[in-house]
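Subject: Structure for your review

Dear colleague,

Please find the structure below, followed by a short account of what was found in it.

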Amino acid sequence: MKTIKLFIIAILFFTVSSTQAQVSVDVNIGTPNVNVHVGTPPPAPAPVPVWGPVGYDEVEYYYLPDIQVYYDIRLAQYIYFGNGRWIRSRYLPSYCRDYDLYHGYKVVLNDYHGHTPYTYFNTHKVKYYKGYKGKPQKSRGEYRVRYEDHDNDRHDNDHHDNGHHDKHGGNGHNGNGKGGKH
């Protein structure tokens, strides 16, 4: 009889313990502050483009006055006006295909921290007009010219640098703006 009592108490204790564990697990699963991606690192910020000016590691945007385009460093996107609206793209617009990102002037927008720098476009385009040159700038990376073979023919007029192109002749892909992905 004593053994049966101990056995029943053990079963009750085990049942109560497992019920509490289940309740505890259920409560934790429904907690809104639980990080679903435990162990997954947060996404890395986009690298500063090699054509960007040295000395501005904490800025979020450049304004390129020669082509009236913004560059969002955090998202590695160009922002330009087209078809009646502001467009974000990983590539420069087609009308900028010959633009030289390395040698064109970049206005560093130190004083803007938001998501729509084009809110101040009317001010920027007057203050930083086409051809504007402020303090001298040095690009973060070196401008390298390389030659590519097309159909086994060597075209020495095609100057390329990881998607950034100068203003010389080429194959029609100049300035496609694959900036920030090096």
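Residues are numbered from 1 along each chain as its sequence is written, and side-chain values use heavy atoms, with hydrogens and water left out.

Salt bridges

A salt bridge here is a side-chain nitrogen of Lys or Arg within 4 Å of a carboxyl oxygen of Asp or Glu. The model has 4 salt bridges by this rule. One of them joins Arg74 to Glu60, with 3.4 Å from N to O. Glu60 is in the loop between α1 (2-29) and β1 (61-64), and Arg74 is in the loop between β2 (69-72) and β3 (77-82), so this pair ties together parts 14 residues apart in sequence. Helices (H or I, at least four residues) and strands (E, at least two) are DSSP runs, numbered from the N terminus. Glu60 is buried, at 15% relative accessible area.

Arg74 also pairs with Asp72, their closest N and O atoms being 3.6 Å apart. Asp72 is buried as well, with a relative accessibility of 0%. A further salt bridge links Asp72 to Arg88, at 3.0 Å between the closest N and O atoms. Because Asp72 lies in strand β2 and Arg88 in strand β4 (residues 85-89), the pair ties together parts 16 residues apart in sequence. Arg88 is partly exposed, at 31%. Through shared partners, Glu60, Asp72, Arg74 and Arg88 form one network of salt bridges.

Confidence

The protein chain has a mean pLDDT (the predictor's confidence in each residue, from 0 to 100) of 72, and 57% of its residues reach 70 or more. Residues 19-37 have pLDDT below 50, and this stretch has 1 contact (heavy atoms within 4.5 Å) beyond near neighbours in sequence. Where pLDDT is low, the predicted coordinates should not be read in detail.

Yours sincerely

Notes:
Predicted model: local features only at pLDDT ≥ 70, side-chain atom pairs only at ≥ 80, totals over all residues. Buried < 20%, exposed > 50% of the residue type's maximum accessible area, 1.4 Å probe, protein only.
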